[in-house]
Amino acid sequence: MRLIVDGRVLAKNAVDVQTNGWVCYVGNNDQNARVVIDSNKFSDKTSLYFAPAVISGLNIDTKEEYWVDYRNIKNFHVDGDQMTVEFRLRNSQDMGGFDCFDTSLEFTGESGRGRFKFVKPGCTQFADTEFGDTQLTGNFHNLSSLGIDLSKWTVVRIETRNKTSMVYINNVFKYKTVYNTPIGNIRGLFCRFKGTGQLDLIRVYDQQHHLVYGDEFNQ
């Protein structure tokens, strides 16, 4: 938020537009994206799952590529540079995924963000990662470790310690990256699928591995 007078910024401040729990952005592109706050549409009572048939009812063409983006915006009261977050998810063609089955896991802080984008093996030119001031893309860097088969239930764990981020798949170390600009206190969690993926668990731990947030999406 900025106060601008005659083209000069006199004051500015960050404002969180918080969500009431999890919401979903879904669409073929930014122009036809819809914000869905009714969790009954994208929850099957045990997980976050937006069935293609329900998405079609929003006038979104599920025969073309579309994106399902789950977001929870609030103050999680945890340092994004000293934390652990776990996601259990899957993304496959039989449930509504597309092509390389892009799956992005992200947390946004007061001063930066952390993100890993996973794709199926063989598609890692489309993988990327961003932590603080470090941004790497599969076109110019070897991100083959981010080529993961997510067609079955998989636990993805992201740890940050002393400006180093590490990702583990089913407890197996896969990749790490270092950065300099701090992420800061976490204000949002994101899980984005190309097509319709499924998320049934998320847990966030602080530096001492105390659970600060957990959800298994049981209603």
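A polar contact is a pair of N or O atoms within 3.5 Å; within protein, one must be able to donate a hydrogen and the other to accept it. In this predicted model, such a contact of 2.6 Å joins the side chains of Asn185 and Asn75.

- Asn185 lies in the loop between β14 (172–178) and β15.
- Asn185 counts as buried because its relative accessibility is 18%, and the cut-off for buried is under 20%.
- Besides the contact with Asn75, the side chain of Asn185 reaches the backbone nitrogen of Val78 at 3.1 Å.
- With neighbours within four places in sequence left aside, Asn185 is in contact with Asn75, His77, Val78, Asp79, Thr108, Gly109 and Glu110.

**The open sheet**

- Eight strands make up an open sheet with antiparallel pairing, in the order β4-β3-β6-β15-β8-β9-β10-β11.
- The edges are β4 (34–36) and β11 (134–137); each has a single partner strand, so one side of each has no neighbour in the sheet.
- From one strand to the next, the twist averages 15°.
- Strands of a sheet pair through backbone hydrogen bonds, either parallel or antiparallel.

**Strand β15 and its two partners**

- Strand β15 covers residues 186–194, and eight of its nine residues are buried.
- β6 and β15 run antiparallel and are joined by seven bridges; within this pairing, Asn72 has Leu189 of β15 as its bridge partner.
- Strand β8 (residues 103–109) also runs antiparallel to β15, with seven bridges between them.
- Gly109 stands opposite Ile186 in β15.

**Ile73, in β6**

- Ile73 lies in strand β6, which spans residues 67–73.
- Its relative accessible area of 15% makes Ile73 buried.
- Ile73 and Ile186 are 113 residues apart in sequence, while their C-alpha atoms are 9.2 Å apart in space.
- Not counting residues up to four places away in sequence, Ile73 touches Val17, Gln18, Thr19, Arg187, Gly188 and Phe190.

**Glu106, in β8**

- Glu106 belongs to strand β8 and, at 12% relative accessibility, counts as buried.
- The side chain of Glu106 makes a polar contact of 3.2 Å with the side chain of Thr108.
- A polar contact of 3.2 Å also joins the side chains of Glu106 and Arg113.

**Salt bridges**

- The count of salt bridges comes to 14.
- Side chains of opposite charge can pair when their charged atoms come close.
- One of the salt bridges is formed by the side chains of Glu65 and Lys194, at 3.3 Å from N to O.
- That pair links distant parts of the chain, 129 residues apart: Glu65 is in the loop between α2 (52–56) and β6, and Lys194 is in strand β15.
- Glu65 is partly exposed, with a relative accessible area of 35%, whereas Lys194 is buried at 9%.
- Glu130 and Arg115 meet through their side chains in a salt bridge of 3.3 Å, N to O.
- Glu130 lies in strand β10 (residues 128–131) and Arg115 in strand β9 (residues 113–118), so this pair ties together parts that are 15 residues apart in sequence.
- Glu130 and Arg115 are both buried.
- Arg203 forms a salt bridge with Glu216, and their closest N and O atoms are 3.3 Å apart.
- Here the linked parts are strand β16 (residues 198–205), which holds Arg203, and the segment after β17 (211–215), which holds Glu216; the two residues are 13 apart.
- Arg203 counts as partly exposed at 27% relative accessibility, and Glu216 counts as partly exposed at 39%.

**Nonpolar core**

- The largest nonpolar core has 50 residues, and Val26, Phe50 and Phe118 are those with the most contacts inside it.
- Leaving aside its neighbours within four places in sequence, Phe118 has contacts that include Phe101, Leu105, Leu146, Ile148, Leu150, Val156, Val167 and Ile169.
- Asp102 and Thr103 are also among the residues in contact with Phe118.

Methods: Residues are numbered from 1 along each chain as its sequence is written. This is a predicted model: local features need pLDDT of at least 70, side-chain atom pairs count only at pLDDT 80 or more; totals for chains, interfaces and linings use all residues. Side-chain values use heavy atoms; hydrogens and water are left out. A nonpolar core is a set of buried Ala, Val, Leu, Ile, Met, Phe, Trp, Tyr and Cys residues joined through side-chain atoms within 4.5 Å. Buried means under 20% relative accessible area, exposed over 50%, partly exposed in between (1.4 Å probe, protein chains only). Contact means heavy atoms within 4.5 Å. Helices (H or I, at least four residues) and strands (E, at least two) are DSSP runs, numbered from the N terminus. Two strands pair if DSSP finds at least two bridges between them. Axes are lines fitted to C-alpha atoms, for helices over the stretch in contact, and angles run from 0 to 180 degrees between N-to-C directions. A salt bridge is a side-chain nitrogen of Lys or Arg within 4 Å of a carboxyl oxygen of Asp or Glu.
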